[in-house]
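Please work through the following exercises with the model at hand. Each task is followed by a solution in steps.

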Amino acid sequence: MRSKYDILVKETTDGRNFRRGHHKYELKATGDAARAYDFLSARPPGKRTNVIESIGHLVKSCLGGGVVAIHESYKQCGLWTSVVLTVVLGAFVSYCMLILARSAQKIYGRVQVPVMSYPDLAQAALETGPFVNLRKYSKCFRYAVDFTICVDLFGSCCVYQIMISKTIKQLVEGTDEITTGGNPPLRAYIAMLLIPCVLICMITTLKYLAPFSIVADFFIVTVAGATVYYAVKTAEMTPLEFPIFKTVAGLFEFVGVCVFSMEGVGVTLAIENSMEEPKKIPIVLAGGMSIVISIVLTVGFFGYWGFGEKSKSPVTLNFPLEPFPIALKVMMALMIYVTFALNFWVPFELVWYYIKQRYEPSKYWFWERVYRGLFVFVITVIAVIFPAVTKFIGLLGSFCLSNMGFIYPAFIELNLDWNDPGLGFMMWRLWKFVAILIFGTILCIVGTYSNARELIAEVF
């Protein structure tokens with residue numbers, strides 16, 4: 001299992017490379033002068049990645065915990081509707097990632113800054129944009145991006161705890177039926193993870209966790225292959241016998257989980273910043289997201305077809321209790337455990353930057369560990385209260401990624417395109433923004449409400 005923001009983690013291993021909004025962006029060039037800016041030459045020296053390596057980074061970063069739960073959202077939505085929407089949503093997500101990358105490359109020359117993170121881009125776009133009355137809110141826009149990233153990743157940590165607990169519960173009880181009840185109940189297993197999770201999150205140097213990501217790359221492919229094998233082996237119906245569509249609530253749960261499973265907007269600029277030829281980012285996105293969509297589609301389709309209405313998340317819970325599948329289940333739990341620490345690191349670094357300003361530098365070591373433990377405690381409490389994997393993922397996807405993946409990139413692009421090159425024939429760029437805004441808003445409001453209601457109903 002790989003952190004969704006693993007490349008961002010890797011790029012900021014020293015923990016201090018984030019831009020924190022201290023920089024005030026000013027418009028220094030426009031038109032041809034801005035386009036002539038050679039941002040690649042202006043970037044600091046360092047190891048660069050070629051197109052193939054960048055595709056690999058993108059694939060590894062996009063495939064988060066949602067991919068091993070996608071089959072259960074197929075069950076809620078309907079097999080064939082889910083298949084079609086996986087491809088459509090995958091293409092839409094890819095396009096919005098491209099919007100973000102192209103927006104960054106437009107603004108580099110305008111502000112004469114060669115490298116930007118997602119929060120940097122959000123702040124700079126509004127600070128130098130055409131809407132004068134909105135410029136004073138540029139820092140707020142930056143903080144909104146930071147907040148959304150934190151909610152997404154801290155929420156992912158809750159999901160990972162639930163997945164680990166369900167796996168341990170199945171192995172201890174030796175049964176295919178995994179419920180929240182029992183003796184001890186699922187919530188007790190989640191609570192027992194508090195100390196192990198606190199301990200691993202006390203590791204502040206990521207070099208000790210990085211080697212596990214290599215194993216995770218191999219593991220996710222193995223799980224996808226095993227899903228196909230056991231699905232074909234245990235399927236009792238043909239795919240054509242499955243319902244095309246089920247419920248509207250199931251549709252929004254699927255959309256949230258699907259977007260969560262393959263969203264990589266948070267790492268798009270980290271990958272672009274590290275490329276030898278950043279102008280080839282469209283090729284990277286096309287190649288990488290094609291692989292991501294294929295893996296998500298494989299696990300979702302075969303997971304639901306093979307295990308039917310009794311399918312559970314993570315997908316390894318549906319494998320038989322035999323030596324090789326048991327080994328996969330154990331490896332799954334271990335990889336998710338390490339991914340918990342990787343996922344925790346990025347948002348905590350964002351939050352810790354602001355918290356530590358309240359303390360003397362000599363006390364940073366102590367208070368950082370206190371707050372690490374406190375944040376893990378809060379994450380565990382939330383996971384104990386809401387131990388429903390797919391509903392939780394659907395909620396995160398609907399709320400966080402509707403904003404971070406769709407609305408924010410579209411708004412950034414509108415700011416940059418308003419004057420140069422303009423809104424185009426019949427203001428098509430404005431209407432494109434409106435269309436993305438409507439989709440993102442519907443997903444955010446209706447999807448968040450629907451998934452939150454289903455989450456509360458399932459838990460209580």
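**Exercise 1.** By about how many helical turns are phenylalanine 344 and phenylalanine 348 separated in helix α15?

*Solution.* The model is predicted: local features need pLDDT of at least 70, side-chain atom pairs count only at pLDDT 80 or more, and totals for chains, interfaces and linings use all residues. Residues are numbered from 1 along each chain as its sequence is written, and side-chain values use heavy atoms, without hydrogens and water. Helices are DSSP runs of H or I with at least four residues, numbered from the N terminus. Phenylalanine 344 and phenylalanine 348 lie 4 residues apart in helix α15, so about one helical turn separates them.

**Exercise 2.** Classify the ring pair of phenylalanine 307 and phenylalanine 319.

*Solution.* Step 1: rings of Phe, Tyr and Trp (its six-membered ring) pair if their centres lie within 6.5 Å; planes under 30 degrees apart count as stacked, over 60 as edge-to-face and the rest as tilted.

Step 1: phenylalanine 307 belongs to helix α14 (residues 281–307), whereas phenylalanine 319 sits in the loop between α14 and α15 (323–355).

**Exercise 3.** Is phenylalanine 319 buried or exposed?

*Solution.* Buried means under 20% relative accessible area, exposed over 50%, and partly exposed in between (1.4 Å probe, protein chains only). Phenylalanine 319 has a relative accessible area of 0%, so this residue is buried. Phenylalanine 307, at 14%, is also buried.

Note on methods:
Helices (H or I, at least four residues) and strands (E, at least two) are DSSP runs, numbered from the N terminus.
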